[in-house]
There are 2 protein chains.
Amino acid sequence: MSLVRVHNFSISIDGFGAGEGQQLDAPFGHAGTRLLEWALPTRTFQQLGFHGEEEGSNGIDETFASRWASGIGVEIMGRNKFAPQRGPWDEDWNGWWGDNPPFHTPVIILTHHPRPTLTMDGGTSFHFVDASPAEALEQARALAGDLDVRIGGGVSTVRQFLEADLIDQMHIVLVPIVLGRGERLWDSLEGLEQRFHIEAAPSPSGVIHLTFARRH
Amino acid sequence: MSLVRVHNFSISIDGFGAGEGQQLDAPFGHAGTRLLEWALPTRTFQQLGFHGEEEGSNGIDETFASRWASGIGVEIMGRNKFAPQRGPWDEDWNGWWGDNPPFHTPVIILTHHPRPTLTMDGGTSFHFVDASPAEALEQARALAGDLDVRIGGGVSTVRQFLEADLIDQMHIVLVPIVLGRGERLWDSLEGLEQRFHIEAAPSPSGVIHLTFARRH
């Protein structure tokens, strides 16, 4: 059974998954890199090219971080994760990740401005789709075969899939900072805990890993 | 050195310390007892009379819960913790706790409607004070001698003392529920983590205990 999964999704202790003022040189707005600091030293993120040539850590953070790609056949992301611009496309923009993005699967990008599919190196392709979460998931499953679908963010995309009750497994990383402003993950999700079994594991880095598994 | 401490202060994972619609028969509003469920089985809360005659649990929750009274010389609480009414006093109201309240120390109640001190059984007295957090703390320290001062809540009282940077130690209990509405603890506290060293301990009950210790 193919599952819909969220991985490595960091929020501040006051519930913000991104800060205020997102723009080209500040994709997380005033949050800077603070929501990702826990992940950067891990082997998984080192191999994604975040820090150069270091070997990368093993430990609790790496254990959680490393699960993101295994068994995934497609990612769905919001347009705001793919690009800093809003509105009609600057078609020179092909993502933040260069010619060989780290996904290595098809990626569905939710947008009200469809454009032709971009085929990148290394197995990644970007498919631009104007659809509801349920419709996008149907397209994703067709691309994913028997593999799982990852909801890659940003905040409003994860929230919309939670609202539509389309997520089976979710890994949230609580970062002990108070961002104060930005985009809140939990808004409109009152009672979410009734749908999930939730466990917590603190890491020596200071963050708390939360796993959400759909109750059956 | 006398410290200012917060204990057993529960919030939902979306940051609410109380739900919406607080009233006489629902002091936590639509949250009901969900923010306190972790604490009710503990020996400390059993002895406070929450569940009758059970022996009460020992374990991680009890370890955190039991610290609330030790070394405390006075509590400061907001008026909304003391009474469900707002505005001028119904002077028949002497708190939720009966003739022998569980504080056994002086308690300062912050209110814009001062009234005479109430002397209760068992060492508790209620002092009604119209003052800023800093002024109230000065009065509390005079009553506490060398002992510590506990900030007893509710949400806005804890937040005001955090805003004024008057809290040295804080124990927050993250309850994995999404309340969706009510009173938020973290609002207006952007950057709070710069003032505190924060650690986390998950409990088998599902909650996460957070300790905040002032950085020096």
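**Notes on the two-chain model**

1. A friendly start with one residue: F161(B) counts as buried because 22 C-beta neighbours lie inside 10 Å, where the cut-off for buried is 20 or more. Please keep in mind that this is a predicted model.

2. Where does F161(B) sit in chain B? F161(B) belongs to helix α5, which covers residues 155–163 of that chain. Once neighbours within four places in sequence are set aside, the contacts of F161(B) are P133(B), I151(B), L166(B) and I167(B). P133(B) is worth a look: 28 residues separate it from F161(B) in sequence, yet the C-alpha atoms of the two are 6.0 Å apart.

3. On to the nonpolar core. The largest one has 108 residues, and the residues with the most contacts inside it are L174 and V175 of chain A together with L174 and V175 of chain B. For L174(A), leaving out neighbours within four places in sequence, the contacts are I11(A), I13(A), V207(A), I208(A) and L210(A).

4. How are the two chains related? Chain B superposes on chain A through a rotation of 180° with 0.0 Å of shift along the axis, at an RMSD of 0.0 Å. This is therefore the relation of a two-fold axis. The same surface serves both copies, as 100% of the contact residues of chain B recur in chain A.

5. Last, the interface itself. Here 21 residues of chain B are in contact with 21 residues of chain A. On the chain B side, strand β10 (residues 196–202) gives the most, with 4 residues. By class, that side of chain B has 13 nonpolar, 4 polar and 4 charged residues.

Terms used. Residues numbered from 1 in each chain as written. Chains lettered and ligands numbered in written order. Predicted model: local features only at pLDDT ≥ 70, side-chain atom pairs only at ≥ 80, totals over all residues. Least-squares fit on C-alpha atoms with pLDDT ≥ 70 in both. Contact = placed C-beta atoms within 7 Å. Helix = DSSP H or I, 4+ residues; strand = E, 2+ residues; numbered from the N terminus. Buried ≥ 20, exposed ≤ 12 C-beta atoms within 10 Å, placed from the backbone. Core = buried A, V, L, I, M, F, W, Y, C linked by C-beta atoms within 7 Å. Nonpolar A, V, L, I, M, F, W, Y, C, P; charged D, E, K, R; others polar.
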